[in-house]
Amino acid sequence: MTRTYRMQPKAVLAFATVLAASHLYAAAPAVADDAPSVPPGTEATASAPVELDPNDPDLKLPDGATLAAAKVLDIKQVVEDQSGDERREDTNSDVKFALQAEVLFPKDSAKLSARAKSRISTIAQEIKAQNATKIRVFGFTDNLGSSAHGDVLSRKRANAVQSVLDQELNDSNVTYEVRGYGEQYPIADNSTEAGRKKNRRVEVSFPREENKAS
């Protein structure tokens, strides 16, 4: 007898990252800290909302096995354009845009191009759509040149992006946290030019509407 099996479509695996437990915001607009804190998303995790009984027989743990510490996972969706010049990350709590420095500025400069201002305007429209009032603008560089130069340049670039956002939003209720991290927190390998290009970036992030601070 021949049996026919019908296969179900393969489930799509979603990227999961640990949910950040806290977000730091400056009290006044456009504040740049000389000693920046750790960027959101790299801090301690929240405790799990559901407790599990390690002795529950349905878990079918091998003899002597124990459960690992519980974690809260946040679903992350990442969309990057084909050139890699722009990247958008959506989680349950935040939206983050990462723009490569080459898209925004001439080499070793913090002067925005007309093309850059158009990109930032698009981000401002998303901020309005999310009704966000607390915005983080963080600048980063690669590891070429001195660390001190990278710190200053990344902060100037973050300030330049914040200035355009402020003009576009024109909302006195919006506050900004503006920081320059220099070569800290690379997202790619600094030993290659392709990696360094990704690390030279400005990130703009803000809470999603349903998770905005009250």
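Leu 67 sits in the loop that links strand E2 (31-32) to strand E3 (73-80). Asn 55 is twelve residues away from Leu 67 in sequence, and their C-alpha atoms are 9.8 Å apart in space. Keep in mind that this whole model is predicted.

## The chain as a whole

Now step back a bit. The chain contains four helices and eight strands. Starting at the N terminus, the order of these elements is β-β-β-β-β-α-α-β-α-β-α-β.

How much of the chain is buried? Buried residues are 35% of its 214 residues. As for contacts with a separation of 6 or more, 72% of them are between residues 24 or more positions apart.

## The nonpolar core

The largest nonpolar core is built from 26 residues, and Ile 135, Val 137, Val 161 and Leu 165 have the most contacts inside it. Two or more residues of this core come from each of strand E5 (94-100), helix H2 (114-129), strand E6 (134-140), helix H3 (147-169), strand E7 (175-180) and strand E8 (201-207). H3 gives the largest share, six residues.

Let's zoom in on Val 137. Setting aside neighbours within four places in sequence, its contacts include Ala 158, Val 161 and Leu 165.

Is Asp 94 buried or exposed? Asp 94 counts as buried because its relative accessibility is 11%, and the cut-off for buried is under 20%. This residue belongs to strand E5. Its side chain has a partner too: it makes a polar contact with the side chain of Arg 136, at 3.3 Å.

## Helix H2 and what follows it

H2 has 16 residues and spans 23 Å from its first C-alpha to its last, close to the expected 22 Å. Its buried residues are Ala 116, Ile 120, Ser 121, Ile 123, Ala 124, Glu 126 and Ile 127. In an α-helix there are 3.6 residues a turn, so residues three or four places apart point the same way.

After H2 comes Asn 131, in the loop between H2 and E6. Asn 131 is partly exposed, because its relative accessible area is 36%. Its phi is positive, near 55°. Most residues other than glycine have a negative phi.

## The second largest pocket

What is the volume of the second largest pocket? It is about 300 Å³. Its lining has 15 residues, and those nearest the centre are Lys 107, Asp 108, Asp 142, Leu 153 and Arg 200. H1 and H3 are the elements that give two or more residues to this lining, and the largest share, four residues, is from H3.

Terms used:
Residues are numbered from 1 along each chain as its sequence is written. This is a predicted model: local features need pLDDT of at least 70, side-chain atom pairs count only at pLDDT 80 or more; totals for chains, interfaces and linings use all residues. Side-chain values use heavy atoms; hydrogens and water are left out. A nonpolar core is a set of buried Ala, Val, Leu, Ile, Met, Phe, Trp, Tyr and Cys residues joined through side-chain atoms within 4.5 Å. Buried means under 20% relative accessible area, exposed over 50%, partly exposed in between (1.4 Å probe, protein chains only). Contact means heavy atoms within 4.5 Å. A polar contact is a pair of N or O atoms within 3.5 Å; within protein, one must be able to donate a hydrogen and the other to accept it, and residues adjacent in sequence count only if both atoms are side-chain atoms. The expected span of a helix is 1.5 Å times one less than its number of residues. On a 1 Å grid over the protein atoms alone, a cavity is a set of points where a 1.4 Å probe fits but cannot get out, and a pocket is an open set with protein on both sides within 12 Å along at least five of seven lines; lining residues have an atom within 4 Å of a point. Grid points are joined across faces, edges and corners, and a volume is the space filled by probe spheres set on the points.
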